[in-house]
Amino acid sequence: MQNDLRTRRERADLSQGDLAAAVDVTRQTINAIERERYDPSLELAFELAAYFDCPIEDIFEPGELAAENGTSPDD
């Protein structure tokens, strides 16, 4: 699933460890999400959206929707 978590995290001047601590996961989990190697649970997606004060769909875009919008999950 495509996401802009890294962009949002960097804009907020947070390290992966800082964000991980804020949402109670490991730094490796944040890294895997940012690299699109792991899709977060619904609960974690809600926690990340709440942390960045935005809707989940502003952070995450399923692969099928990304393809419809002209981007590829492998980009």
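**Group meeting: the core and the salt bridges**

Okay, let's start at Leu19. Setting aside neighbours within four places in sequence, Leu19 is in contact with Leu5, Arg9, Leu14, Ile30, Leu48, Tyr51 and Phe52. Keep in mind that this is a predicted model.

Leu19 also shows up in the largest nonpolar core, which has 16 residues. Who touches the most other members there? That would be Leu5, Leu19, Ile30, Leu48, Phe52, Ile59 and Phe60. The helices giving two or more residues to this core are H2 (16–23), H3 (27–34), H4 (42–51) and H5 (56–59). H4 puts in the largest share, with four residues. As background, nonpolar side chains in soluble globular proteins tend to be buried together.

Now the charged side. How many salt bridges does a search of the whole structure find? Three.

Arg9 forms a salt bridge with Glu34, and the closest N and O atoms are 2.5 Å apart. Arg9 sits in helix H1 and Glu34 in helix H3, so this pair ties together parts that are 25 residues apart in sequence. Both ends are tucked away: Arg9 is buried at 7% relative accessible area, and Glu34 is buried at 13%.

Next, Arg6 and Glu10 meet through their side chains at 2.9 Å, N to O. Both lie in helix H1 (residues 5–11), four residues apart, about one turn of the helix. Glu10 is partly exposed, at 42%.

Last one: Arg8 and Asp4, also a salt bridge, at 2.9 Å, N to O. Arg8 is buried at 16% relative accessible area, while Asp4 is partly exposed at 22%.

Note on methods:
Residues numbered from 1 in each chain as written. Predicted model: local features only at pLDDT ≥ 70, side-chain atom pairs only at ≥ 80, totals over all residues. Heavy atoms only, no water. Core = buried A, V, L, I, M, F, W, Y, C linked by side-chain atoms within 4.5 Å. Buried < 20%, exposed > 50% of the residue type's maximum accessible area, 1.4 Å probe, protein only. Contact = heavy atoms within 4.5 Å. Salt bridge = Lys/Arg side-chain N within 4 Å of Asp/Glu carboxyl O.
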